Amino acid sequence: MKIAITGKGGVGKTTFAAILSRLYAAEGYRVLAVDADPDANLALALGFPDEIISKIVPIAEMKELIAERTSTPTDSFSKIFKLNPQVDDIPDKYCTCCNGVNLLTMGTVESGGSGCVCPEHVLLKRLTSHLVLQNKDVVVMDMEAGIEHLGRGTAQGVNTFIVVVEPGARSLQTYHKIKKLASDIGIPKIYAVGNKIKNDLDKAYILENIDPEACLGFISYNVDVVNSDRPDQSPFMNSKIVEEVKAIKLCFDLEKR
Ligand SMILES: Nc1ncnc2c1ncn2[C@@H]1O[C@H](COP(=O)(O)OP(=O)(O)OP(=O)(O)O)[C@@H](O)[C@H]1O
């Protein structure tokens, strides 16, 4: 199963992706968590210690690897390069494992843009679409905020989108844009998780503005989660949010059965 966690900026994608990854790992799944959001720090949210985080090099910054796989020189990338670089060995060789979760950090393609075709981008795109899955494998991708990445095809090969929404009009607007784009790339149904919920009115507002059957559940606004966004902390240490994500995961697993 390859799940992309998407949504507007700051809604809680990284928090949710980290807890979901840890929950699948605790059940014995081989979990590959992919940090595809240049603004996120999925390693931190997963509870990786500082000494491990400081050694992580994003794939997009591995100039020699990109040059070797796309057959371009490292110093000045030529305009001619391989569009089908070998990527099958990359997850095993370059991911960092901690707390039962294998993490692959994609990084930023500086020269990006919606139509970007450069060696770095070609490698990342091929990598996400070729993450090979076996029976008990789950790939959880923490996506860049918004919808531009869908246009760039970063989510190729993903079979499920979970959109994190908060009770606000802009976040729900993003949900509808993602729904449309997902359907354009052949994903008929997307799911939603309501985050930062303060009361029943928040829940009702979300349910009125999305397809109610797409809603997997809600996560309460929790000030301890804000405080867990610090080194050597993780939202996974907060039992209340973990229980809420467990209930959401159960609903999702039943849907997918
Ligand atoms: N349920 C919650 N209650 C309170 N704060 C939360 C909750 N979920 C997430 N947050 C806080 O909201 C902020 C944004 O969360 P997070 O980084 O997970 O969002 P994101 O969607 O990945 O953001 P970005 O788009 O910037 O990558 C963080 O400070 C996080 O601690």
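**Entry 1. The ligand shell.** Helices (H or I, at least four residues) and strands (E, at least two) are DSSP runs, numbered from the N terminus. Helix 1 gives the most to this shell, with 3 residues. I noted 20 residues around the ligand, and the closest are Gly 12, Lys 13, Thr 14, Thr 15 and Ala 145. I sorted the shell by class and got 7 nonpolar, 8 polar and 5 charged residues. Here Ala, Val, Leu, Ile, Met, Phe, Trp, Tyr, Cys and Pro count as nonpolar, Asp, Glu, Lys and Arg as charged, and the others, Gly among them, as polar.

**Entry 2. The model.** I am reading a predicted model, in which local features need pLDDT of at least 70, side-chain atom pairs count only at pLDDT 80 or more, and totals for chains, interfaces and linings use all residues. Residues are numbered from 1 along each chain as its sequence is written. The mean pLDDT of the chain (the predictor's confidence in each residue, from 0 to 100) is 85, and 88% of its residues reach 70 or more. For the complex, the predictor gives an ipTM of 0.99 and a pTM of 0.90. Where pLDDT is low, the predicted coordinates should not be read in detail.

**Entry 3. Val 245.** I found Val 245 in helix 11 (residues 239-256). Is Val 245 buried or exposed? It is buried, because 25 other C-beta atoms lie within 10 Å. The cut-offs are 20 or more other C-beta atoms within 10 Å of a residue's own for buried, 12 or fewer for exposed, and anything in between for partly exposed, with C-beta atoms placed from the backbone. Apart from neighbours within four places in sequence, Val 245 is in contact with Phe 16, Ile 19, Leu 20, Leu 23 and Ile 219. Contact means that two C-beta atoms, placed from the backbone, lie within 7 Å. I also checked Val 245 against Val 11: they are 234 residues apart in sequence and 15 Å apart in space, C-alpha to C-alpha.

**Entry 4. Helix 6.** I went through helix 6 (residues 119-129) and found 10 of its 11 residues buried. Among them are Glu 120, Lys 125 and Arg 126. The cover over the buried residues includes strand 2 (30-36), helix 4 (63-70) and helix 5 (90-94).

**Entry 5. Strand 2.** I then followed strand 2, where 6 of the 7 residues are buried. Strand 2 runs parallel to strand 5 (residues 137-143), and 7 bridges join them. Two strands pair if DSSP finds at least two bridges between them. Val 34 has Met 141 as its bridge partner in strand 5. Strand 2 also pairs with strand 4 in the parallel sense, over 5 bridges. There, Asp 35 has Thr 105 of strand 4 as its bridge partner.

**Entry 6. Positive phi.** Most residues other than glycine have a negative phi. I noted Asn 99, with a positive phi near 50°. Asn 99 sits in the loop between strand 3 (96-98) and strand 4 (101-105). Asn 99 is partly exposed, because 17 other C-beta atoms lie within 10 Å. I also noted Lys 196, with a positive phi near 60°. Lys 196 is in strand 7. Lys 196 is buried, because 22 other C-beta atoms lie within 10 Å.

Note on methods:
Near = placed C-beta within 6 Å.
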